[in-house]
Amino acid sequence: MTEGIPTGGFETETLELPGWTHVYSGKVRDLYVPADEAITEKIGQECVLVVASDRISAYDHVLSSEIPDKGRVLTQLSLWWFDQLDVEHHVLASTVEGGVPAAVEGRAMICKKLDMFPVECIARGYLTGSGLAEYKESRTVCDIPLPEGLVDGSRLEKALFTPSAKAEVGEHDVNITYDDVVAMVGDDIAARLSELTLKIYTRAEEIARERGIILADTKVEFGIDAATGIITLGDEVLTPDSSRFWDASTYAPGQSQPSYDKQYVRDWLTSAESGWDKSSDTHPPALPADVVERTRARYVEAYEKLTGRTFA
């Protein structure tokens, strides 16, 4: 699959951006490709415009409610992280001067086209979520043996590469083993994906900890830059949508940790107040205004604590 021309996708209203043609919408992002050669010539190579919307998803549903400024927060935080990491990445431009349409400046990036690997590259430094569920059954995570006595939130002796297979929109990603990755992409690329993922996690975990935040786990994606043949970091990176951030001051193993993400949304959707059954085929209801505002505030707080900047 080539970034910018995937299959499947999510049906939503898209923007008319002069010079760009919409080709795909995911749960949160919309992709556009140049409508004429002038843009490609200006950028200097094949590219795709990645626009982050304010859409929010939960339990494999894209909600009718949006979170104001979410697209800008995710984009600006990703751009900040790209600058912190010593890893080849896909961003070519993020300003109007660089070619981003004025209508989406602040929440869009012009990026290299990549041939994406069909693997979600996940690094875990703490035991929680689906990793905890597997551990309770087999004392493993993605078939990697772990010691006895770990609890929800336990810090692992060393970070683990625990990949998953990408699923279509509306479906759950499936945890896979390292051997599965080898079968999909070969020994050399599998080793490189693991190395890069753990390098990113290790550096980001150090940076976050200096700012009073624990990075429990993160998901990154890579592809091949067709122009150079280099494995390149793509998509978003180290945002509350792709990572699990905890407040270090309230961290306490043995219980669920409050996270800087859409937990307010999940909690409300599964509450009696929402009246929604997540096991049903019905679409989730619209979010109350206070849930929207608290969720927005949580995203902004993560951005400001990590970057040290004020979100304007």
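In the predicted model, A108 has a relative accessibility of 1% and therefore counts as buried. This residue belongs to strand β7, which spans residues 108-112. Beyond its neighbours within four places in sequence, A108 is in contact with L49, V50 and V51, and also with T75, S94 and V100. The C-alpha atom of A108 is separated by 8.3 Å from that of T95, and the two residues are 13 apart along the chain.

The packing of two helices was also examined. Helix α2 comprises residues 70-84 and helix α5 residues 187-210; their axes come within 11 Å and cross at roughly 110 degrees. Because angles of 65 to 115 degrees count as roughly perpendicular, α2 and α5 are assigned to that class. The crossing of the two helices is right-handed. On the α2 side the contact involves W80, W81 and Q84, which meet R203, A204 and I207 of α5. By class, four of the residues in this contact are nonpolar, one is polar and one is charged.

Helix α5 consists of 24 residues and reaches 35 Å from its first C-alpha to its last, close to the 34 Å expected at 1.5 Å a residue. Buried positions in α5 include A190, L193, S194, L196, T197, I200 and Y201. Further along the helix, A204, E205, I207 and A208 are likewise buried; of these, A204 and I207 also take part in the contact with α2. After α5 comes G212, which has a positive phi, near 80 degrees.

Definitions and conventions
Residues numbered from 1 in each chain as written. Predicted model: local features only at pLDDT ≥ 70, side-chain atom pairs only at ≥ 80, totals over all residues. Heavy atoms only, no water. Axes fitted to C-alpha atoms, helices over the stretch in contact; angles between N-to-C directions. Helix = DSSP H or I, 4+ residues; strand = E, 2+ residues; numbered from the N terminus. Parallel < 35°, antiparallel > 145°, perpendicular 65-115°, else oblique. Left-handed = near helix turned anticlockwise from the far one by under 90°. Contact = heavy atoms within 4.5 Å. Nonpolar A, V, L, I, M, F, W, Y, C, P; charged D, E, K, R; others polar. Expected span 1.5 Å × (residues − 1). Buried < 20%, exposed > 50% of the residue type's maximum accessible area, 1.4 Å probe, protein only.
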